[in-house]
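Student: I would like to work through the side-chain contacts and charge pairs of a protein model. May we begin once the model is displayed?

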Amino acid sequence: MPARKPTRASPIEERAPETIERLSAAYPDAHVALEFSNPLECLVATILSAQCTDERVNMVTKDLFATYRSPQDYLDVPEAELAADIRPTGFFNQKAKSIRGACARIVEAYGGRVPDTMEEILSLPGVARKTANIVLGNAYGVIDGIAVDTHVRRLANRLAFSDEKDPDKIEQDLMRVIPGERWFDFTYVLIDHGRAVCVARTPRCGECPVSDLCPSSLV
């Protein structure tokens, strides 16, 4: 007998592989949108991206990265000056504090080099697993998990890949559903789909390539 075609009512084990395959085909060039040229820049850009569009972050970091080239550079200016430099990204006072805290730890504990293991990078102030996964994967090719940003969280819930709200619990659920070799690239597939089709307020389910597999579909 031919294999049963999965539907939105199928168990996750049956829906997930087809969902992953179709979405991946829809976004073959999915990749991180932040612009950077080294691990430190990746870390700073990721911190700045919280509650801010990647486009705006890239506008700010174009000048920022020309001025601040090392962790020590972020420590050598008053915190208020750094905050002013990153002001367009929003929440600039807290972000400046996080960047300086992370840089201080990098200088004191890691000789000025952004660490390349999950345990070490999580020791940096202001760095949680989302940021850690983005930096490790993009800067070092170290894949330890799935970066759960606002888009990934929304799609994980809508696709019923996870019913959790906490990013770390969502990540654990996704890691059970998505094959390990796809953790890195499929993160950006989900992000692109969340930006283009499965938007927050009114998802465009009629344009979605996995609408028939999605329990939250409106069509």
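Student: Which residues does Ile-121 touch, not counting residues up to four places away in sequence?

Tutor: This is a predicted model, in which local features need pLDDT of at least 70 and side-chain atom pairs count only at pLDDT 80 or more, while totals for chains, interfaces and linings use all residues. Residues are numbered from 1 along each chain as its sequence is written, and side-chain values use heavy atoms, leaving out hydrogens and water. Contact means heavy atoms within 4.5 Å. On that basis, Ile-121 touches Val-114, Pro-115, Val-127, Ala-132, Val-135 and Leu-136.

Student: How many salt bridges does a search of the whole structure find?

Tutor: A salt bridge is a side-chain nitrogen of Lys or Arg within 4 Å of a carboxyl oxygen of Asp or Glu. With this criterion, the search of the whole structure gives 10.

Student: Which parts does the salt bridge of Arg-4 and Glu-14 tie together?

Tutor: The side chains of Arg-4 and Glu-14 meet at 3.0 Å, N to O. The two residues are 10 apart in sequence, so their pair ties the segment before α1 (12-26), where Arg-4 lies, to helix α1; helices are DSSP runs of H or I, at least four residues, numbered from the N terminus.

Student: Is Asp-173 buried or exposed?

Tutor: Asp-173 forms a salt bridge with Arg-176 at 2.3 Å, N to O, and both lie in helix α10 (residues 167-177). Buried means under 20% relative accessible area, exposed over 50%, and partly exposed in between (1.4 Å probe, protein chains only). Arg-176, at 62%, is exposed. Asp-173 has 14% relative accessibility, and therefore counts as buried.
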